[in-house]
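Let's take a friendly walk through a protein model, stopping at a few spots along the way. Keep the structure open beside you as you read.

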Amino acid sequence: MATVLDPPTDSKQPLVRRTRSTAPGGWRRHFPPLLAISPFYVLFAVFGAFPVVFSLYLSFQDWDGIGDMRYIGFKQYGWLLEDSVFWHSVLNTFEIWFLSTVPMLFLALVLAFMLHSQVRFTGALRVAYFIPNVTSMVAMTIVFGSVFAQAGLANSLLRAVGLDGVGWLSSEWGIKSAVSIMIIWRWIGYNALIFLAGLQAIPTEHFEAARVDGANSWQTLFRVVVPQLRPVILFAAVTSTINGLQIFTESQVLFQSDDVGTIGGPGQEGMTVVLYLWQKAFKDHQFGYGAAMGWLLFAIIAVFTVINWRLVSGSDSDDRAGIVSRLRLRLRLRLRLRLRLRLRGKGVRDGR
């Protein structure tokens, strides 16, 4: 009977131990894809992470951008809290945010609901609504400046219907309204497309249930769409809050002036926090003070975002699940009732 002998082994041959570089799935396997995406991390480190860390360090320094830095600690934050112009700019920013973001989100939701309906040229309308978001805001601010001039198009339309002209660029609420209208024009299409994406994720049977139950368009919007669209509304509200509290281009271009005292329009009613930061850092060369203002603005945005989060995300997923289950139950009951009436020969006209 033949036997199979084991191959001879050399006891002197060293055992090869697998290391991280030689083992399957080691770092050599992941090195090429990591190298491919490394430019992003390099650019982010240079133009993203480093400026953030340096601005925090700079907020504790007194520096004019050329000379030596002088450490002064938290003094600039103390001066900032006593700066009346800064708090005036904070108030202006919040007022402009309220005048622009609240109506913009509502109108964007209505536009998305209309686009979700069976209308013609939906694709062309989506492109048209998104164009303002990618248009140069500097160029459009110049255009809006001529529209809101004393003899501009806005006042001409008001006088055509028998109303008095408005000092869009000279009165307190005229300035804030003009800036708010520009913000609404820029972001309403973008948020409408965000809402439209959320609407398309809602099952069609929910709309059918509301229609069978006799709900009109407004009832369907507020009682069916809004509860299920709450996460999307939360995203739009948070991003709009972050963008709305960093208004700069509209006020800076609309009220250009070489006189520092008139930056932001008459009475500095168009002065926002970022515009004031730009004035202190790049016109007055107080870079440490501007950095401290930026970090204080970051804290304000963080607090306001948390408040927004708590207000918008009022109901949890259980409430939304209950709404969905009730809509489905109503749809089943209505369809069963109509089927019975058809079988009895009574028709579906009085099926409700």
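## A threonine in a helix

T305 is part of helix α13, which covers residues 287-312. Keep in mind that this model is predicted. Is T305 buried or exposed? Its relative accessible area is 14%, and buried means under 20%, so T305 counts as buried.

What does T305 touch, leaving aside residues up to four places away in sequence? The answer is V238, T241 and I242.

## The largest pocket

Helix α13 turns up again when we look at the largest pocket, where it gives the most to the lining, with eight residues. The space in this pocket is about 480 Å³. It is lined by 18 residues, and S55, L277, G290, G294 and W295 are the closest to its centre. Two or more lining residues come from each of α1 (27-58), α12 (273-283) and α13.

What classes of residue make up this lining? There are 14 nonpolar and four polar residues, and no charged ones.

## Rings that pair up

The model has 22 aromatic pairs. One of them joins F86 and W87 edge-to-face, at 5.1 Å centre to centre and with 70° between the planes. F86 is buried, with a relative accessible area of 0%, whereas W87 is partly exposed at 38%.

W295 and F298 make another pair: their ring centres are 5.6 Å apart and their planes meet at 75°, so this pair is edge-to-face too. Where do W295 and F298 lie? Both are in helix α13, three residues apart, or about one turn of the helix. In general, an α-helix has 3.6 residues a turn, so residues three or four places apart point the same way. W295 is partly exposed, with 25% relative accessibility, while F298 is exposed, with a relative accessible area of 52%.

Ring pairs can also build a group. F50, F54, Y57, W63, F282 and F287 are linked in this way into a cluster.

## A look at helix α8

Our last stop is helix α8, which runs over residues 204-212. Which of its residues are buried? H206, F207, A209, A210 and V212 are. After α8 comes G214, which has a positive phi, near 90°.

Technical notes
Residues are numbered from 1 along each chain as its sequence is written. This is a predicted model: local features need pLDDT of at least 70, side-chain atom pairs count only at pLDDT 80 or more; totals for chains, interfaces and linings use all residues. Side-chain values use heavy atoms; hydrogens and water are left out. Helices (H or I, at least four residues) and strands (E, at least two) are DSSP runs, numbered from the N terminus. Buried means under 20% relative accessible area, exposed over 50%, partly exposed in between (1.4 Å probe, protein chains only). Contact means heavy atoms within 4.5 Å. On a 1 Å grid over the protein atoms alone, a cavity is a set of points where a 1.4 Å probe fits but cannot get out, and a pocket is an open set with protein on both sides within 12 Å along at least five of seven lines; lining residues have an atom within 4 Å of a point. Grid points are joined across faces, edges and corners, and a volume is the space filled by probe spheres set on the points. Ala, Val, Leu, Ile, Met, Phe, Trp, Tyr, Cys and Pro count as nonpolar, Asp, Glu, Lys and Arg as charged, and the others, Gly among them, as polar. Rings of Phe, Tyr and Trp (its six-membered ring) pair if their centres lie within 6.5 Å; planes under 30 degrees apart count as stacked, over 60 as edge-to-face and the rest as tilted.
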